[in-house]
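Hello,

Here is the structure I promised to pass on to you.

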Amino acid sequence: MSSFPGKRRTAREMAIQMLYQSDVGGSDLRQIFASFDFTPYLTGPSKAPEDAETEAAPEEKPRPVLQRPQLEEAFTYACNLVRGAVENTSAIDKLITEQADNWRLERMPIVDRNVLRLAVYEMLYEQDIPKLVVVDEAIELAKRFGSENSSRFVNGLLDGLLKQAPFHGRAS
């Protein structure tokens, strides 16, 4: 994947959605990949009309606009991330469980659990990505898709893992 900064972030967003679908529905990855909805990535974040009487949703950070070839590269990378995270779930979950004092994996919010799985997968197996970048990206994913407390939870757990687990590759 080339160095266009928006592609990896977009790929991670796609991967979180696919991991969520796999976790909740137990769907086959081929089915998840085949039915993935690209619409939000073609249109950008939704905005409430300015004159709407209802309270607008919190402002979303603008997503980089990707052209079709870049979007296809991001999707391919997302599929690779999802495959890797799913294939290595037991090793990933073991690390998360060991770090998550008083939290059973199945009791964690689904989004948080899958953000952590994706981040730990990247820290273990995607050695060209600095670990601190992975943590920052995971925090952003938790803010975007998780609850009010998700980013703090994800940050704390990943920070603890960085201090204790032997990850190969660069820290920053």
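To start with a question: which residue forms a salt bridge with arginine 144? The partner is glutamate 13, and the closest N and O atoms of the two are 3.6 Å apart. A salt bridge here is a side-chain nitrogen of Lys or Arg within 4 Å of a carboxyl oxygen of Asp or Glu.

Before going further, please keep in mind that this is a predicted model, where local features need pLDDT of at least 70 and side-chain atom pairs count only at pLDDT 80 or more, while totals for chains, interfaces and linings use all residues. Residues are numbered from 1 along each chain as its sequence is written, and side-chain values use heavy atoms, with hydrogens and water left out.

**Salt bridges**

The pair above links distant parts of the chain, with arginine 144 in helix 7 and glutamate 13 in helix 1, 131 residues apart. (Helices are DSSP runs of H or I with at least four residues, numbered from the N terminus.) Glutamate 13 counts as buried at 6% relative accessibility, whereas arginine 144 is partly exposed at 29%. Buried means under 20% relative accessible area, exposed over 50%, and partly exposed in between, using a 1.4 Å probe and protein chains only.

The whole structure holds 14 salt bridges. One of them joins arginine 8 to aspartate 128, at 3.2 Å from N to O. Arginine 8 sits in helix 1 (residues 5-25) and aspartate 128 in the loop between helix 6 (110-125) and helix 7 (131-145), 120 residues apart.

Aspartate 23 and arginine 113 form another salt bridge, their closest N and O atoms being 2.8 Å apart. That pair connects helix 1 with helix 6 across 90 residues. Arginine 113 is buried, at 9%, and aspartate 23 is partly exposed, at 28%. There is also a network of salt bridges linking Arg9, Arg12, Glu122 and Glu137.

**Aromatic rings**

Rings of Phe, Tyr and Trp (its six-membered ring) pair if their centres lie within 6.5 Å; planes under 30 degrees apart count as stacked, over 60 as edge-to-face and the rest as tilted. By this rule there are five aromatic pairs. In one, the rings of phenylalanine 36 and phenylalanine 38 have centres 5.5 Å apart and planes at 80°, so the pair is edge-to-face. Phenylalanine 38 also pairs edge-to-face with phenylalanine 75, at 4.9 Å centre to centre and 65° between the planes.

Enjoy exploring!

Terms used
Helix = DSSP H or I, 4+ residues; strand = E, 2+ residues; numbered from the N terminus.
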